[in-house]
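Subject: Structure handover

Hello,

Here is the structure I promised to pass on. Please open it first, then read my notes below.

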Amino acid sequence: MDYTDIYNDYPELREFEERRARRTSPAPRRKRRKTGNGAKLLTVMVLIALAASLMALVFSLVSPDKTVVFAADGSAVEISAAQVDKYLAEGYYASFADLAPITMYAGDGSVITARAGDRAALEKKGYSTDMTAAYTNMYDDGGTTLYVPNSMVDNYKANGWHDKLSDIITKLYKSDGSTLSVPKAQAAAYIEQGWTDRLLKAAKKMTGPNGEEKTVFNDDVNSYIDRGWTVVKRVIDPDQPLVALTFDDGPGKFTDELLDCLEANNSAATFFVLGQLVQTYPDTVKRADKIGCEIANHTWDHLNATSAGAAAAAESVQKTSKAVEELLGKGTALYRPCYGAYNGDTLAEVGLPAIMWSIDTLDWKTRDADSTFSKVQSDVYDGAIILMHDIHQPTVEAAKRIIPYLVDEGYQLVTVSELLEYRKGGAEAGKVYFDDKE
Ligand SMILES: [Zn+2]
């Protein structure tokens with residue numbers, strides 16, 4: 001068989017055969033040459049000289065024992081590895097990248113240009129490459145913004161600046177659902193043009209057919225009602241203004257009229273009742289409780305706790321609480337000291353949170369509805385506890401104006417327990433409260 005033809009047709013086969021032949025045949029032996037000792041020595045010396053010159057060349061390129069540091073002016077200095085720490089301590093830099101200029105900021109307002117290699121040391125001294133870490137954005141009431149070094153923030157605050165944007169911004173609403181955030185200083189002008197800063201003036205809380213809750217802007221309320229939604233009667237949104245109206249010394253013959261008004265406005269109040277009158281007006285007390293008002297304790301017969309003594313005060317409070325409990329199935333949780341008179345002993349002995357007030361309408365003194373209304377109108381604020389007396393007819397007349405007025409202003413009229421629950425997480429026995437603040 002003539003393989004030549006096959007190889008011509010399949011050149012790769014020929015290659016394969018040749019490679020196989022090479023692998024299997026023994027390697028050719030080198031011929032040993034016999035040389036003289038002199039020649040051998042010369043060869044070794046030449047080789048050593050060659051190696052030495054080669055090593056010198058390699059050393060001059062990458063010396064394993066030498067390294068380079070950089071001076072601040074950018075020049076390179078070759079030193080031995082053992083000297084590195086000494087040079088770095090003297091202000092040299094380990095890498096060229098360390099020479100790159102960086103800007104650093106301190107809380108006292110100083111700004112420095114440094115080398116990247118100095119960054120860690122400067123950070124220990126309070127500098128930062130992050131300007132926002134050393135400065136604070138501050139705002140004045142007109143909306144002007146300034147970037148102020150942290151150390152000066154308190155000075156600016158003392159001069160009426162704010163470090164939180166939310167401090168100077170008011171969110172405004174319209175009944176069609178539009179919202180707008182404006183500097184507080186400009187809010188009044190917007191409110192005159194029909195905006196409001198009280199969400200619950202522009203919207204209502206509604207409940208859907210499946211119990212879902214939603215804040216619905218007034219313009220949309222009717223379409224929600226058409227789809228089976230209802231307006232939630234009593235709304236308590238702790239993020240919106242709350243006010244606690246309180247009525248002392250009753251109930252009385254005008255109290256029911258007051259309850260009518262509260263009910264019509266989906267509002268509640270707290271009645272610090274006298275125990276002896278609970279027995280005179282049991283239905284009024286029951287109705288007040290039923291519409292969400294709070295029945296609280298003002299002793300049995302308007303006892304002055306500090307002159308009568310702690311034991312007598314406690315007894316009078318307990319007797320009143322028992323009378324309320326017989327009527328409502330629950331006693332009183334809050335106590336208002338008559339004449340605002342209390343001391344450590346009476347508070348401890350009575351053992352209930354003591355509720356004072358932050359706005360005194362002086363209704364008992366003026367007996368004038370206009371005066372009582374104006375006092376509330378001018379002094380009301382979010383979190384206030386307002387003192388009135390429902391045994392006086394002018395007070396009830398004033399309350400019938402105060403209640404819709406406050407609701408219209410976006411206040412939620414809540415009980416004292418609700419106010420303290422939402423704003424302070426509850427009321428503590430023996431502690432005195434004037435409003436929702438400390
Ligand atoms: Zn009283």
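Leu 362 is partly exposed, with 14 other C-beta atoms within 10 Å. (Buried means 20 or more other C-beta atoms within 10 Å, exposed 12 or fewer, partly exposed in between; C-beta atoms are placed from the backbone.) This is a predicted model: local features need pLDDT of at least 70, side-chain atom pairs count only at pLDDT 80 or more, and totals for chains, interfaces and linings use all residues. Residue numbers start from 1 along each chain as its sequence is written.

Leu 362 has a positive phi of about 60 degrees, although it is not a glycine. You will find Leu 362 in the loop between β16 and α18. (Helices, H or I of at least four residues, and strands, E of at least two, are DSSP runs numbered from the N terminus.)

Tyr 339 is not a glycine either, and its phi is also positive, about 60 degrees. Look for Tyr 339 in the loop between α16 (310–328) and α17 (344–350). Tyr 339 is exposed: 11 other C-beta atoms lie within 10 Å.

Gly 250 and Pro 251 are joined by a cis peptide bond, with omega about -5 degrees. Pro 251 sits in the loop between β12 (242–248) and α12. Such spots deserve a look because most residues other than glycine have a negative phi, and most peptide bonds are trans.

**Cores**

The largest nonpolar core has 62 residues. (A core is a set of buried Ala, Val, Leu, Ile, Met, Phe, Trp, Tyr and Cys residues joined through C-beta atoms within 7 Å.) Val 243, Phe 271, Ile 386 and Leu 413 have the most contacts inside this core. Helix α20 (residues 393–408) gives the most to the core: six residues. There is also a second, separate core of seven residues, including Leu 172, Trp 195, Leu 199 and Ala 202.

Take Leu 413. Leaving out residues up to four places away in sequence, Leu 413 touches Val 243, Leu 245, Ser 267, Ala 268, Ala 269, Ile 403, Leu 406 and Val 407. (Contact means C-beta atoms, placed from the backbone, within 7 Å.)

**Helices**

Now α12 (residues 255–264) and α20. Their axes come within 10 Å and cross at roughly 0 degrees. (Axes are lines fitted to C-alpha atoms, for helices over the stretch in contact; angles run from 0 to 180 degrees between N-to-C directions.) The two helices, α12 and α20, are therefore roughly parallel to each other. Glu 257, Leu 258, Cys 261 and Leu 262 of α12 meet Val 396, Ala 399, Lys 400 and Ile 403 of α20. (Angles under 35 degrees count as roughly parallel, over 145 as roughly antiparallel, 65 to 115 as roughly perpendicular, the rest as oblique.)

Next, α19 (residues 369–379). Buried here are Ala 369, Thr 372, Phe 373, Lys 375 and Val 376. They span an arc of only 160 degrees around the axis, so they lie on the same side of α19. (The arc is that of the directions from the helix axis to the C-beta atoms.) Asp 370 and Ser 378 are exposed, on the face of α19 turned away from its buried side. The buried residues of α19 pack against β16 (359–360), α18 (363–366), β17 (385–389) and α20.

**Sheet**

An open sheet has three strands in the order β10-β9-β11, with antiparallel pairing. (Strands pair if DSSP finds at least two bridges between them.) Its edge strands are β10 (213–217) and β11 (230–231), each pairing on one side only. Five bridges link β9 (residues 203–207) and β10 in the antiparallel sense. Met 206 has Lys 214 in β10 as its bridge partner. Helix α11 (residues 218–226) packs on the sheet and touches β9, β10 and β11. The directions of α11 and β10 make an angle of about 125 degrees.

Best wishes

Definitions and conventions
Contact = placed C-beta atoms within 7 Å.
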